[in-house]
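Please look over the sequence and the model first.

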Amino acid sequence: MPRIPSAINLHKASKTLTLSYGPDEVYHLPAEFLRVHSPSAEVQGHGNPILQFGKINVGLSGLEPAGQYALKLTFDDGHDSGLFTWEYLEQLCLRQADLWSEYLDELRKAGKSRDPAESVVKLML
């Protein structure tokens, strides 16, 4: 049975979602992290994930429960199709550092940037 957070707080100014599983277990998930790890088909690509880039400025504009099993997050770039199950959210909390590091590696390998106003050019010298 998945663990359900005891408290969920959306901090629009800091663009962070805070999940508490008790007084000593609190996780702060940045909107950009959640956006690039959205469980939606748009991001997950039906088993072939599509690298998200240029999302450094994205924020969360809302959240709502999806039945008893998930949260529907709405991002200010219009993305709102992913349902974050309790199990998936817990995995994002527990694996945040590793997932973020892997994401940054994928961006670097693809020559992409977190900043939508920046283009990465590889020179072959």
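The model is predicted, so local features are given only at pLDDT of at least 70 and side-chain atom pairs only at pLDDT 80 or more, while totals for chains, interfaces and linings use all residues. Residues are numbered from 1 along each chain as its sequence is written, and side-chain values use heavy atoms, with hydrogens and water left out.

**Helix H4**

Helices (H or I, at least four residues) and strands (E, at least two) are DSSP runs, numbered from the N terminus. Helix H4 spans residues 96–110 and has 15 residues. From first C-alpha to last it reaches 21 Å, close to the 21 Å expected at 1.5 Å a residue; the expected span is 1.5 Å times one less than the number of residues.

Leu99, Tyr103 and Leu107 of H4 are buried, where buried means under 20% relative accessible area, exposed over 50% and partly exposed in between (1.4 Å probe, protein chains only). These three residues lie on the same side of H4 because they cover an arc of only 75° around the axis, taken from the directions from the helix axis to the C-beta atoms. The face turned away from the buried side carries the exposed residues Ala97, Arg108 and Lys109. Helix H1 (31–36) and helix H3 (86–94) are among what covers the buried residues of H4. After H4 comes glycine 111, with a positive phi near 70°.

**Aromatic rings**

The structure holds four aromatic pairs. Rings of Phe, Tyr and Trp (its six-membered ring) pair if their centres lie within 6.5 Å; planes under 30 degrees apart count as stacked, over 60 as edge-to-face and the rest as tilted. Two of the pairs are tabulated here.

| Pair | Centre to centre | Angle between planes | Type |
|---|---|---|---|
| Tyrosine 21 and tyrosine 27 | 6.0 Å | 75° | edge-to-face |
| Tryptophan 100 and tyrosine 103 | 5.2 Å | 35° | tilted |

Tyrosine 21 and tyrosine 27 are both buried. Tryptophan 100 and tyrosine 103 both belong to helix H4, three residues apart, or about one turn of the helix. Tyrosine 103 counts as buried because its relative accessibility is 6%. Phe33, Trp100 and Tyr103 make up one aromatic cluster.

A charge also meets a ring: the charged end of lysine 112 sits over the ring of phenylalanine 53, 4.5 Å from its centre. The criterion is NZ of Lys or CZ of Arg within 6 Å of the ring centre and within 35 degrees of the ring normal.

**Nonpolar core**

A nonpolar core is a set of buried Ala, Val, Leu, Ile, Met, Phe, Trp, Tyr and Cys residues joined through side-chain atoms within 4.5 Å. The largest one has 19 residues, of which Leu34, Leu73, Leu89 and Leu92 touch the most other members. Strand S2 (16–22), strand S3 (25–30), H1, strand S5 (70–75) and H3 each give two or more residues to this core. H3 supplies the largest share, four residues. Contact means heavy atoms within 4.5 Å. Not counting residues up to four places away in sequence, leucine 89 touches Leu19, Tyr21, Leu34, Leu71 and Phe84.

Lysine 15 is in the loop between strand S1 (7–11) and S2. Its phi is positive, near 55°, in a residue other than glycine. With a relative accessible area of 31%, lysine 15 is partly exposed.

Serine 20 lies in strand S2 and, at 11% relative accessibility, counts as buried. Leaving aside neighbours within four places in sequence, serine 20 contacts Pro5, Ser6, Ala7, Glu25 and Val26.
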